[in-house]
Amino acid sequence: MEIINGKIKTRSTADCDVAKKPVEETTCFERPCFKWYTTPWSECTKTCGIGVRMRDVKCYQGKDIVRGCDPLVKPVGKQTCDLQPCPTEPPDDSCQDQAGTNCALAIKVNLCSHWYYSKACCRSCRTPHS
């Protein structure tokens, strides 16, 4: 095409130099896409029973951390990990509370699940309390 006296005139393809023909279509927005990236899962918070493992989930656009990713397809960052059951010790009928340990207070403030008090107050912690 050319403009002659303010009017557009169409020329035949034979009149044009094909090497000088501009591209008909080009990309005008060349920014990187938004993409979710995750780190590897952490170790489980427990060595037996049910724990939790976590990982970082971040949205990147190229090398930049941004907020433009689709939240509907965001990978999970936290999940439970169910390992083998924890070993249980058979009840020891011969256990006695250690002298000098305030087992009544340990029971009152729910310390029987703590490793120290479960041993030091084994007799008191073994019996059900209401």
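Me: Why is Cys-112 called partly exposed?
Reply: In this predicted model, Cys-112 has a relative accessible area of 23%. Buried ends at under 20% and exposed begins at over 50%. A value of 23% falls in between, so Cys-112 counts as partly exposed.

Me: How do you know that Cys-112 and Cys-125 form a disulfide?
Reply: The sulfur atoms of Cys-112 and Cys-125 are 2.0 Å apart. A disulfide needs the two sulfur atoms within 2.5 Å, so the pair of Cys-112 and Cys-125 qualifies. The torsion about this S-S bond is -80°, and the link is left-handed.

Me: What does the pair of Cys-112 and Cys-125 tie together?
Reply: Cys-112 lies in the loop between helix H1 (103-108) and helix H2 (115-120), while Cys-125 is in helix H3 (residues 122-126). The two parts are 13 residues apart in sequence, which is why the pair is said to tie them together.

Me: What makes Ser-124 buried or exposed?
Reply: Ser-124, in helix H3, has 16% relative accessibility. Buried means under 20%, so Ser-124 counts as buried.

Me: How do you know that the side chains of Ser-124 and Asp-97 make a polar contact?
Reply: The contact between the side chains of Ser-124 and Asp-97 is 2.2 Å. The limit for a pair of N or O atoms is 3.5 Å, and 2.2 Å is within it, so the distance meets the rule.

Me: Why is the link of Cys-44 and Cys-81 called a disulfide?
Reply: The sulfur atoms of Cys-44 and Cys-81 are 1.9 Å apart. That is within the 2.5 Å cut-off, so the pair is a disulfide. By this rule the count comes to four disulfides.

Me: What makes the disulfide of Cys-44 and Cys-81 right-handed or left-handed?
Reply: The torsion about its S-S bond is about 90°, so the disulfide of Cys-44 and Cys-81 is right-handed. Cys-44 sits in the loop between strand S3 (34-38) and strand S4 (50-54), and Cys-81 in strand S7 (residues 78-82), so the pair ties together parts 37 residues apart in sequence. Cys-81 has a relative accessible area of 9%; buried means under 20%, so Cys-81 is buried.

Me: How do you know that a disulfide joins Cys-59 to Cys-69?
Reply: From S to S the distance between Cys-59 and Cys-69 is 1.9 Å, and the cut-off is 2.5 Å, so the pair counts as a disulfide. The torsion is about 85°, so this disulfide is right-handed. The pair links distant parts of the chain: Cys-59 is in strand S5 (residues 57-61) and Cys-69 in the loop between strand S6 (64-65) and S7, 10 residues apart. Both Cys-59 and Cys-69 are buried.

Me: Why does Cys-16 count as partly exposed?
Reply: Its relative accessibility is 42%. This lies between the 20% and 50% cut-offs, so Cys-16 is partly exposed. Cys-16 is also one of the residues that line the second largest pocket, including Met-1, Arg-11 and Asp-17. About 180 Å³ of space lies in this pocket, and its lining divides into three nonpolar, three polar and three charged residues.

Me: What makes Ala-14 buried or exposed?
Reply: Ala-14, in the loop between strand S2 (7-9) and S3, has 76% relative accessibility. The threshold for exposed is over 50%, so Ala-14 counts as exposed. From C-alpha to C-alpha, Ala-14 and Pro-71 are 54 Å apart in space and 57 residues apart in sequence.

Me: What stands out about the phi of Asn-110?
Reply: Asn-110 has a positive phi of about 55°, although it is not a glycine. Asn-110 is in the loop between H1 and H2. At 64% relative accessibility, over the 50% cut-off, Asn-110 counts as exposed.

Me: How does the radius of gyration of the protein stand against that of a compact globule?
Reply: A compact globule of 130 residues would have a radius of gyration near 14 Å, but the protein has 36 Å. The C-alpha trace spans about 110 × 25 × 25 Å along its principal axes. Buried residues make up 14% of the 130 residues.

Definitions and conventions. Residues numbered from 1 in each chain as written. Predicted model: local features only at pLDDT ≥ 70, side-chain atom pairs only at ≥ 80, totals over all residues. Heavy atoms only, no water. Helix = DSSP H or I, 4+ residues; strand = E, 2+ residues; numbered from the N terminus. Buried < 20%, exposed > 50% of the residue type's maximum accessible area, 1.4 Å probe, protein only. 1 Å grid on protein atoms, 1.4 Å probe; cavity = no way out; pocket = protein on both sides within 12 Å on 5 of 7 lines; lining within 4 Å. Points joined across faces, edges and corners; volume = space filled by probe spheres on them. Nonpolar A, V, L, I, M, F, W, Y, C, P; charged D, E, K, R; others polar. Polar contact = N/O pair within 3.5 Å; in protein donor to acceptor, adjacent residues only side chain to side chain. Rg over C-alpha atoms; globule rule 2.2 N^0.38 Å.
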